[in-house]
Amino acid sequence: MKQIALLGATGSIGRSTLDVMARSPQRFTLAVVAARQDDVGMAEICKRFAPARAILVDPEAAARLRARLRDLDIETEVLSGKEALCQAAADAEIDVVVAAIVGAAGLASTMAAVEAGKQVLLANKEALVCAGELLMAAASRSGATLVPLDSEHNAIFQCLPQGHARPPVGVSRLWLTASGGPFRGYSRDALQAVTPEQALKHPNWQMGPKISIDSATLMNKGLEVIEAHHLFGLPGSAIRVLVHPQSTVHSLVEYIDGSFLAQLGSADMRIPIAHALGWPERIESGATSLDLLKLARLDFDEPDLDAFPCLRLAFAALDAGGTAPAILNAANEVAVDGFLNGQLGFLEIAELVNEVLNRVGPSSAHNIDAVLDADRAARDTAEAILKGVTRG
Ligand code: NAD
Ligand code: MG
């Protein structure tokens with residue numbers, strides 16, 4: 001029985017993970033669940049899975065959850081605060097930590113799990129973007145295994161030999177596929193007036209709001225390029241992006257002999273989640289099988305960097321190195337919130353990120369404090385610019 005800590009349990013990845021776990025109850029025990037403040041969602045999870053502990057970072061939400069569980073006669077212990085999150089991720093009883101918190105908010109708990117040598121199923125790409133070198137170094141010190149949940153990286157992981165070196169031997173390039181999001185084919189002009197409602201409607205995937213907006217701007221693919229660089233140890237010049245509207249080929253590995261290996265499947269996050277939970281064995285995911293005859297064709301295209309400059313900004317931040325990716329990520333988190341709140345237009349997301357990258361110069365990302373300082377400076381700068389924009 002693997003003891004699982006599921007961080008970000010109430011979110012889209014969290015729910016899909018619970019769905020997969022429930023299909024193999026003989027393999028997994030849900031020991032700990034954690035989220036920010038959704039006490040109603042958390043109470044439902046506790047009712048169904050009876051975990052030993054539930055953490056809500058927000059203390060008032062944790063108090064509401066405690067009251068709900070008392071009324072339901074459920075014995076799950078309720079904790080609150082960020083410290084509890086990190087302690088749970090490093091707890092000796094836990095075998096597997098599913099890191100599915102959104103944003104840099106997941107960095108500390110992901111790092112705690114890695115330092116404690118856990119098997120870490122990583123959805124929280126922002127943690128790797130901000131502190132990739134530090135996380136990978138901590139993993140090699142502690143012996144932690146990182147299994148990617150992000151569909152592209154999970155696909156690449158599946159296309160590499162087991163126990164591959166970093167960088168993998170004989171690989172010339174990694175090809176990350178991108179659906180292109182809801183605005184694929186739009187010109188810059190057409191993007192001027194798009195609304196959060198339109199941007200949240202992803203054509204192929206059902207996801208949380210932040211990653212849905214990132215998919216619409218292609219920042220998601222930019223973050224994934226940086227994520228791939230850290231996970232697989234290849235430089236940005238060996239990582240390419242292909243727009244593939246069917247979201248069927250989840251990514252490809254090109255070998256020096258000209259072979260391409262790809263992983264295909266329906267667009268259902270339960271597939272990479274089941275792969276990572278079961279790894280190195282295979283377990284059921286509940287996803288519908290891919291109907292290749294119905295699919296009939298696969299299209300591939302180049303991304304339009306003029307209409308979607310976020311992807312270019314991410315490649316540039318990876319090249320700049322140091323804290324540049326942490327600055328890019330923090331500015332983007334503020335910009336996405338600003339767009340969702342109606343403070344910024346769609347095209348202004350990239351403009352704000354670019355402006356913050358220009359104002360907050362990158363420095364060396366030698367320790368976690370340097371990364372957190374850069375994250376803070378970028379957020380403060382982005383918020384100050386945003387206030388100016390709103391006032392104007
Ligand atoms: P979501 O918004 O649906 O869920 C986010 C979860 O994180 C919630 O449980 C929330 O309570 C928790 N959370 C947010 N802020 C927190 C904080 N400060 N402290 C503790 N918990 C906090 O997001 P999602 O779509 O499930 O995405 C989660 C992560 O997985 C993101 O990094 C995303 O990029 C990545 N990812 C998601 C998908 C997808 O299909 N949804 C695919 C690939 C990668
Ligand atoms: Mg992805």
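These notebook entries record what I looked up in a predicted model of one protein chain.

**Conventions.** I number residues from 1 along each chain as its sequence is written, and chains are lettered from A and ligands numbered from 1 in the order in which they are written. Because the model is predicted, local features need pLDDT of at least 70 and side-chain atom pairs count only at pLDDT 80 or more, whereas totals for chains, interfaces and linings use all residues; side-chain values use heavy atoms, with hydrogens and water left out.

**Entry 1: domains.** I began with the domain assignment, whose bounds come from an automatic or database source. The chain is divided into domain 1 (2-149), domain 2 (151-267 + 300-316) and domain 3 (321-392). For domain 1 and domain 2, I noted C-alpha centres 26 Å apart. Their contact (heavy atoms within 4.5 Å) takes 13 residues from domain 1 and 19 residues from domain 2.

**Entry 2: the area between domain 1 and domain 2.** The size of an interface is often given as the accessible area lost when the parts come together. I take buried area as the accessible area (1.4 Å probe) that two parts lose on being put together, summed over both. Domain 1 and domain 2 bury about 1,300 Å² between them, and 68% of this is on carbon and sulfur atoms. On the domain 1 side, Lys125, Val129 and Pro148 lose the most area to domain 2, together 43% of what that side buries.

Entry 3: I found 2 salt bridges between domain 1 and domain 2, a salt bridge being a side-chain nitrogen of Lys or Arg within 4 Å of a carboxyl oxygen of Asp or Glu. The side chains of lysine 125 and glutamate 224 form a salt bridge with an N to O distance of 2.8 Å.

Helix H6 (125-142) and strand S7 (145-148) are the elements that give two or more residues to the side of domain 1 that touches domain 2. Helices (H or I, at least four residues) and strands (E, at least two) are DSSP runs, numbered from the N terminus. H6 supplies the largest share of that side, 7 residues. By class, that side has 8 nonpolar, 2 polar and 3 charged residues; Ala, Val, Leu, Ile, Met, Phe, Trp, Tyr, Cys and Pro count as nonpolar, Asp, Glu, Lys and Arg as charged, and the others, Gly among them, as polar.

**Entry 4: histidine 153.** I placed histidine 153 in helix H7 (residues 151-159). Histidine 153 counts as buried because its relative accessibility is 0%; buried means under 20% relative accessible area, exposed over 50%, and partly exposed in between (1.4 Å probe, protein chains only). Its side chain makes a polar contact with that of glutamate 227 at 3.2 Å. Leaving aside residues up to four places away in sequence, histidine 153 touches residues including Pro148, Glu224 and Phe232.

**Entry 5: serine 142.** Serine 142 lies in helix H6 and is partly exposed, at 29% relative accessibility. Its side chain reaches the backbone oxygen of valine 114 at 2.6 Å. I noted 8.4 Å between the C-alpha atoms of serine 142 and lysine 118, which are 24 residues apart along the chain.

**Entry 6: backbone exceptions.** Most residues other than glycine have a negative phi, and most peptide bonds are trans. I found a cis bond from arginine 166 to proline 167, with omega near 0°, and proline 167 is in the loop between H7 and strand S8 (171-178). Another cis bond joins tryptophan 279 and proline 280, with omega about 5°.

Leucine 218 has a positive phi, near 70°, and sits in the loop between helix H10 (209-217) and helix H11 (219-232). Leucine 218 is buried, at 5% relative accessible area. Alanine 296 also has a positive phi, near 65°, but counts as exposed at 67%.

**Entry 7: helix H4.** In H4 (residues 82-90), I listed Ala84, Leu85, Cys86, Ala88 and Ala89 as buried. Their cover includes strand S1 (2-7), strand S4 (77-80) and helix H5 (107-115).

Technical notes:
Polar contact = N/O pair within 3.5 Å; in protein donor to acceptor, adjacent residues only side chain to side chain.
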